[in-house]
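Open the model in your viewer and colour it by chain. The stops below can be followed with plain residue selections.

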Amino acid sequence: MPDIGVALSTIASGVLLGGILALTALGLSIVLGVMRLVNLAHGEFLVLGAYAGLFFLQFTGVDPLLGLPVIALLLAAFAIPLYRWLLQPLADRGPEAQMMTMFAVSIILQNLFVLAFSADTRSIARDYAALPLTLGPITVPLIYLIGFAISVIAILIVNWVVSSTAFGRDLRASAADAEAAATMGVDVKSVRMLTFALGVACAGMGGALIGAAFQFGPSSGGAYLLNSLAVVVLGGLGNVLGTLAGGLVLGALQSLGGLTLGDGYRDLVGMALFLAVLAFRPDGFLARGRP
Amino acid sequence: MRHPTKTCLAAAIAAASFGLSQAHADEIVIGASLPLSGPLAGFGSFQQWGYKRAVDEVNKAGGISVGGKKEMVKLIIRDDKTDPNATAANTETLISRDHVVAMLGSCTPALVNAGALVAERAKKPLVTGCDPLEAFKSVRKWKWVWDIFFDEPDLASVELKAVADLGAKTNMKIALWHDNGPDGQVVGGQIWPNVAKQFGYEVVQNAEFPVDNTQFTSIIGEAKSKEAEVVLVDAITPQAVAIRKQMAASGYTPKVLNIEKGAEPVQFAEALGKLADGVLVGGYWDPSFPYPGAADLAKAFESETKLSSSQHIADSYAAAQVLLDGIAAAGSTDPEKINAALAKTDKTYVVGPVKFDENHTAKLPVVSLQWQGGKTVVVWPKSAKTGDLLFPVP
Amino acid sequence: MIGKAAAGGVVETAVILIVAAALWFAPAFAGDYWLQIGFRALIYLSLAEGWNLMAGSAGLVSLGASCFVGLGAYVVFGLLNKLDMPPPLALALAAAAGGALAAFVSPALFRLRGLYFTVGTLALAELLRLTMINVSLFGGATGIFLAQDPPDLPALFHCALVVAFLASLAITFCARTRASVILRAVRDDEDAAAQMGVRPFRVKLAAFALASAISAMAGGVQAIKLGAIEPYGIFGLQWSIDVLSMAIIGGVGLRLGPLVGVIFVIALGELLADYPEAHVAIAGVILIVLIRFAPRGVVGLVAYQKLASRRPATA
């Protein structure tokens, strides 16, 4: 039986980590919700964000967490041509065509990462990323708390954009029924393009955060894609606040799994939960029934 | 509908046969499948360099004399994407399409074994490094495959020997963390508990985790609460970086920290900065070793690639030299003869003396390295040492 | 209409029989290289045929091929190593296991439509992989070695040929009988089909279980050839993605799509093998271009061009 301090610390870290996972999953959720696209390159966009954070620090000396808005803009600027040239022409062709295109983008990016940055494992070395935070019997990594705070703020901002702005209204309309939205004068094409850019920007911010808190390399994306998918399904597709809740629940349950069965079972617990929710509450565990 | 597809089929087959490379009669073709992409791409790039260098040197010297005629060596390298299925497929293609006379290995037991099993079945010699000997021997009794690398028991005991020998004092409580890969299970699951007992340690924790695990908070928390002052870890580089960072972020610093495998490449120290200081790792090669060409090899690598060198350039370079020497000694491209010549290998290479035993393995001696200020220093044995042990871990 | 289709089915079956019979003698005159390529193509053909049946006919877009490939591999190794079973029996049982797993998870997965199904199959494969990694009974991350020596290449080729033959025959049966009409009805509008008295669940289950059984059998043959399996490779996402890209490149829902896609992707891989540093990126670019400009895959592209050139006036 693990010591009570270890147990509490692990669960606290799990919940905070869940917050970070929520930010990494947010972009995937938005894109899925509005475009019905499983963005198989989502993990590579995270990794791209992490590299952006690393080089941002190297070239400007500015802390990548302060530079998150800049990284988000850079990634959004990268996403727009990608959408215009690769995804938009396939808009009427069913989900597989876009999904495979994004898969192709993901393998191209992985290959380019190796060619440009070598296959080395990287980490954005920051002093605060290696400091513990102790409150009574609980010790958590300080960076988890910082990451959690940043995630919550970012998610609240995105939530505000989606729920309270004109763009958000169009976005929700396009997600619910693209054809109806188009007849009501919503420019669905632009909405989708901006949604995609927003999704990629969120992935970039999540990636920079991961870069500081953990480590990454050219092929790290795949694992984060799966984790993000689990968060999205738990929280419900396209549901911004649900994503946060999904992240927290996943983080807490994964750490419980790690605590009782061993750290190796973390991901296993996550995937089992993911499938269970898919099977019994496909609209997320928060959903009150099918819309 | 059937007709257009036939055209298409014919075109595809024509395109495929176009790709068939014509082997020149006056060339000795050898091949290798390496992880040039995917998680192990880092290792693959070092190995590629080592293999190519050995072949280039032989070609510059006029090639190898086969049947009384000097012939150039052609090395064909294929990428296996860190996927054993691809290693097997690549090895098959090297044998059946490119008609290689012999091959060099990939990296890590999973990949090396996948290719080696194909070579074994096709009766083509394959020389490899990068596959720890116990993991290699556990697969089968090899006839055509030869492995030059360290032996897990040596690696597993080197750090505790070093710590005891250098007189570093701890509370003798030890935590063992290892991944569940083939070498991790051998080292962490079987050898370490025994070695620790031999040296008088109390094993307070023995934790296993999947190779690609990313969260270690509960493992670290437990070791901290049990006050282990010595921690031995067996993990690949991404996990090694994660573990070191999460240890710091949990406020846990043992006095002795050894991270096998993962702490070995320079990227470990680059990713961690100051946190790498004091981490011990077993090594089988360092440019300071007193073997012919050791210092030059590292220098050549660094000036050519502008990257920091790794011990993987040495075992791959040596493996290729052993194979090329074998072909030269056989004086033939007959696989049977080359294999017989490989069995007689007995010479000092850049990694030290190489002589295969009845299990087809050649053991490399292991030293204890420690990261200090972004560089590794040999701290043990005393005969090879280039610096003093930093104790305890800062 | 159906009578015509059935007549087509007889022709198709005959063609498959003749081609398979001809290929049976391939080891006598084809070199090792072509046998290796042929083996790979037959394994992928089996997988892609199954995928095409699910996606093209029943609208089930799966990313879970690796799940059943891996399952088949582990089942076959277990039966061969522990029970010393003859390989054909082990392969048959692997197929049964694949079908059984599909049936077992279908109540959960079929609650999901469209994207959810895709995501669910992906998660299922990952779950199985993680289980194999963590449970030492299955060899953990080290995996399992085959105790006996694998059969020689011609025998393996024959094995793969039989699997691909069965797969093609089964798919022809589904595509040329009343089953195809039902499958398509379910794909196009599940609810409407249900009102017409079709039971979508059973129809989808049949397609899913059949494709899964075929995949598990193919996985078993691949594993016997490898002689050693471990979870990262045999449950790798690569299988699922390869199969998906082959089916899409060939042409989703087209009878010859999988065959053409498999040949195209394997030929491409062999051609790019001499550029190990950039082959992945080049393959990605080609994939993007193909998806963009050949909406119905290579088969669709060629067939459409023929049609256009034959009837220029009406175009």
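Start with the two domains of chain B in this predicted model: their centres, taken over C-alpha atoms, are separated by 30 Å. To display them, select 24-150 + 291-363 of chain B for domain 1, then 153-283 + 367-384 of chain B for domain 2. Where the two meet, nine residues of domain 1 are in contact with 10 residues of domain 2. The domain 1 side of that contact comprises four nonpolar, four polar and one charged residues.

Next, stay in chain B and show the strands as a cartoon. Look for an open sheet of seven strands, ordered β2-β3-β1-β4-β5-β6-β14, in which the pairing is mixed. Which strands stand at the edges of this sheet? They are β2 (64-66) and β14 (361-363) of chain B; each has a single partner strand, so one side of each is left without a neighbour in the sheet. From one strand to the next, the twist averages 25°.

Now select residues 27-34 and 102-104 of chain B, which are strands β1 and β4. The two strands run parallel and are joined by three bridges. To find one position in this pairing, pick B:G31, whose bridge partner in β4(B) is B:M103.

Helix α4 of chain B, residues 109-122, touches β1, β4, β5 (126-128) and β6 (145-149) of chain B. Its direction makes about 160° with that of β5(B). Then select residues 41-60 of chain B for helix α2, which lies across β1, β2, β3 (69-79) and β4 of chain B. Relative to β3(B), helix α2 of chain B runs at about 170°.

Move to the boundary between chains A and B. Each chain puts residues into this contact: 37 from chain A and 37 from chain B. On the chain A side, the elements that give two or more residues are α1 (4-35), α4 (94-117), β1 (132-135), β2 (138-141), α5 (142-164) and α10 (240-261) of chain A. Which element gives the most? That is α1(A), with five residues. Coloured by class, the residues of chain A on this side divide into 16 nonpolar, 16 polar and five charged.

Show chain A on its own. The chain holds 11 helices and two strands, and from the N terminus on its elements run α-α-α-α-β-β-α-α-α-α-α-α-α. Chain A has a radius of gyration of 19 Å, close to the 19 Å that the globule rule gives for 291 residues, so it is as compact as a globular protein of that length. Its C-alpha trace spans about 60 × 50 × 30 Å along the principal axes. Of the 291 residues in chain A, 62% are buried. Among contacts in chain A with a separation of 6 or more, 76% are between residues 24 or more positions apart.

Finish with chain C against chain B. Here 36 residues of chain C are in contact with 35 residues of chain B. For the chain C side, select α3 (32-58), α6 (115-134), α11 (231-234), α13 (257-272), α14 (279-293) and α15 (297-310) of chain C, the elements that give two or more residues. The largest share, six residues, comes from α13(C). By class, this side of chain C has 20 nonpolar, 10 polar and six charged residues.

Key:
Residues numbered from 1 in each chain as written. Chains lettered and ligands numbered in written order. Predicted model: local features only at pLDDT ≥ 70, side-chain atom pairs only at ≥ 80, totals over all residues. Pairing = 2+ DSSP bridges. Helix = DSSP H or I, 4+ residues; strand = E, 2+ residues; numbered from the N terminus. Axes fitted to C-alpha atoms, helices over the stretch in contact; angles between N-to-C directions. Contact = placed C-beta atoms within 7 Å. Nonpolar A, V, L, I, M, F, W, Y, C, P; charged D, E, K, R; others polar. Domains from an automatic or database assignment. Rg over C-alpha atoms; globule rule 2.2 N^0.38 Å. Buried ≥ 20, exposed ≤ 12 C-beta atoms within 10 Å, placed from the backbone.
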